[in-house]
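Welcome! Take a moment to look over the model below, and then we will walk through it together.

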Amino acid sequence: MADNGWVDAADIEEELPFGGFDNSEDVEVPAGGDVIGKCPVCGADVVDRDQAYFCSDYDCSFALWKNNRFFQSITKEMTKELATELLEKGEAKLEKCVSVRTGKTFNCVVKMTTDDEERAQFALEFPKRKKKSKED
Ligand SMILES: [Zn+2]
């Protein structure tokens, strides 16, 4: 037995987990969650759970948290409708937001992107006014 610690790749090839893996019919959706859309990171289903809308792929860390400070700061909630729209279009119109900081009411469009770590990022865009007026 010439065992020098090395194994010929051909000898273990059949054991290697390449090919033959088909997870398509075995996607694990966490129990108790409704699918509300597709994950913008990996394309898996996003499901409604207690604290957030989570990507159903356990390797993916995408989530839309319901207890979301960004939305709380404009007195909005990450509702199912909003999450669904964000997943579908990547943006959603928000009306009658109230800034917690300034108390101002405004309409805006929230855009969702994802960062390198698969986390959802939000940015607000404001409708352009037809009249030119400078405000601070
Ligand atoms: Zn995902």
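## Two hairpins in a row

Let's start with a turn: strand 6 and strand 7 make a hairpin that has 5 residues between them, and in this turn Glu-118 shows a positive phi of about 65°. Keep in mind as you read that this is a predicted model. Strand 6 and strand 7 (residues 120-125) run antiparallel and are joined by 6 bridges. If you look for Lys-111, you will find it opposite Ala-123 in strand 7.

Strand 6 (residues 105-114) also pairs with strand 5 (residues 91-98): 6 bridges join them, and they run antiparallel. Here Leu-94 has Cys-108 in strand 6 as its bridge partner. The hairpin of strand 5 and strand 6 has 6 residues between the strands, and Gly-103 takes a positive phi near 80° there.

Now for the metal. For comparison, the ideal angle for four tetrahedral donors is 109.5 degrees.

## How the site ties the chain together

Cys-39 and Cys-60 link distant parts of the chain, 21 residues apart. Cys-39 lies in the loop between strand 1 (35-38) and strand 2 (45-48), while Cys-60 lies in the loop between strand 3 (52-55) and strand 4 (63-65). Are these two residues, Cys-39 and Cys-60, buried or exposed? Both Cys-39 and Cys-60 are buried.

Technical notes
Residues are numbered from 1 along each chain as its sequence is written. This is a predicted model: local features need pLDDT of at least 70, side-chain atom pairs count only at pLDDT 80 or more; totals for chains, interfaces and linings use all residues. Side-chain values use heavy atoms; hydrogens and water are left out. Helices (H or I, at least four residues) and strands (E, at least two) are DSSP runs, numbered from the N terminus. Buried means under 20% relative accessible area, exposed over 50%, partly exposed in between (1.4 Å probe, protein chains only). Two strands pair if DSSP finds at least two bridges between them.
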